[in-house]
Amino acid sequence: MALIVVDVMPKAEILDPQGKAVTRALARLGHEAVGDVRVGKRFELRVDGEVTDALLAQVREVADEVLANTVIEDVVGVSAVDEAQAAR
Amino acid sequence: MRVGVVTFPGTLDDRDAQRAVRLAGHEPVALWHGEHDLQGVDALVLPGGFSYGDYLRCGAIASLSPIMTEVVDAANRGMPVLGICNGFQMLAEARLLPGGLVRNETGLFVRRDQRLRVERTTTAWTNRFESGQEIVIPLKNGEGRFVATPEEVARLEGEGLVAFRYLGENPNGSIDDIAGLSNAAGNVVGLMPHPEHAVELGFGPTTTRMKAGLDGLEIFKSALEAVAA
């Protein structure tokens, strides 16, 4: 088993009210150093067998067509994570 | 006319939409998301609610349902298709309408009787209104803010595809106060407010106008004329 991680973020030009709310909460708690927070999504896809280039290409397609709506979001990362690391 | 109303897991307003169809003089036909059968209907309504608990993105998983293959085919053939709230989100996710619907600018769920201006009357669902007519339709959503790239907005404004615009305070931060959109052919319309909640006196929005609260009924009646035409 291997793990492929897909990271999706709201497009930079789209206001992220969730991130804004977190930013305000952090400021209230005294973390003035944090200027801005944006909230995205991490998908962990567990796959059988080896992570080949073809499989990664397939996952990139799934990321663009299903996991993210590229009208409002960007896929910012598709990467294989090795099993030992995934287990931790 | 037979109007199909599709029920997805988490749909809430399918029964209301069926009732609106009946009050507008049509026969409602209950359709199920998991099938590939439109049962020969003449028009389609994708009703509001929270399909799949808004998981992934509002309307995203529903837009990948088995029946959506047939819905997209029918829309591309010119069948009148109306998407209300979550249904509008599905139409955007299915790319039958441009842009996307994201969380309201305020982060809050908004429920109000919403004043709208009908901008385009040459659609299957708005042909009983006069251009510029002001109507009141209940609005209730947390993710109704329409967004699109500036180029896309310029295109759809230039082509006159905006069907409805919010009047008064913009409830969610939608670009250009856009409340509803149509495709170029005019058979596909999506809007965030709920016309199926403004179809019967005493149960819809209350205003001081005569026959107030029935503005939504005109939308469901429109489809009949569109198909008959």
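Author: Val72(B) counts as partly exposed, because it has 17 C-beta neighbours inside 10 Å, and a residue is called buried only from 20 or more. In this predicted model, Val72(B) sits in helix H2 of chain B. Setting aside neighbours within four places in sequence, Val72(B) is in contact with Ala94(B) and Leu96(B). For a sense of distance, take Gly158(B): it is 86 residues from Val72(B) along the chain, and the two C-alpha atoms are separated by 25 Å.

Leu91(B) belongs to the largest nonpolar core, which has 71 residues; together with Leu44(B) and Val45(B), Leu91(B) touches the most other members. Helix H2(B), where we began, gives this core its largest share, five residues. There is also a second, separate core of eight residues, and among its members are Ile4(A), Val6(A), Val8(A) and Val78(A).

An unreviewed UniProt entry carries the annotation "active site" for Cys85(B), His194(B) and Glu196(B). These residues span 112 residues in sequence, but no two of their C-alpha atoms are more than 10.9 Å apart, so they gather at one spot.

Cys85(B) lies in the loop between strand S4 (81–84) and helix H3 (86–93) of chain B. Cys85(B) counts as buried because it has 28 C-beta neighbours inside 10 Å. Not counting residues up to four places away in sequence, Cys85(B) touches Gly48(B), Asn141(B), Met192(B) and His194(B); His194(B) is itself one of the annotated residues.

Glu196(B) is placed in another stretch of chain B, the loop between strand S11 (188–191) and helix H5 (215–228). Glu196(B) is buried too, because 30 other C-beta atoms lie within 10 Å. Apart from neighbours within four places in sequence, its contacts are Asp13(B), Asp16(B), Ala17(B), Ala20(B), Ile84(B) and Gly216(B).

After H1(B) comes Gly25(B), with a positive phi near 95 degrees.

On the subject of backbone angles, most residues other than glycine have a negative phi. Two residues of chain B are worth a look here. Tyr52(B) has a positive phi, near 50 degrees, and is found in the loop between strand S3 (43–46) and helix H2 (66–77) of chain B. Tyr52(B) is buried, since 21 other C-beta atoms lie within 10 Å. Asp177(B) has a positive phi as well, near 60 degrees. Its place is the loop between strand S9 (162–166) and strand S10 (178–182) of chain B. With 20 other C-beta atoms within 10 Å, Asp177(B) is buried; the cut-off for that class is 20 or more.

Now across to the partner chain. The contact between the chains involves 12 residues of chain B and nine residues of chain A. On the chain B side, the touching residues divide into four nonpolar, four polar and four charged.

Chain A has a helix H2 of its own (residues 53–67), and the buried residues there are Val59(A), Ala63(A) and Leu67(A). Viewed down the axis of H2(A), these buried residues fall within an arc of 50 degrees, so they line one face of the helix.

As for confidence, chain B has a mean pLDDT of 94, with 95% of its residues at 70 or more. The model as a whole scores ipTM 0.85 and pTM 0.93.

Technical notes
Residues numbered from 1 in each chain as written. Chains lettered and ligands numbered in written order. Predicted model: local features only at pLDDT ≥ 70, side-chain atom pairs only at ≥ 80, totals over all residues. Buried ≥ 20, exposed ≤ 12 C-beta atoms within 10 Å, placed from the backbone. Helix = DSSP H or I, 4+ residues; strand = E, 2+ residues; numbered from the N terminus. Arc of directions from axis to C-beta. Contact = placed C-beta atoms within 7 Å. Nonpolar A, V, L, I, M, F, W, Y, C, P; charged D, E, K, R; others polar. UniProt positions renumbered as here; feature names shortened; annotations may be inferred. Core = buried A, V, L, I, M, F, W, Y, C linked by C-beta atoms within 7 Å. pLDDT = per-residue confidence, 0-100.
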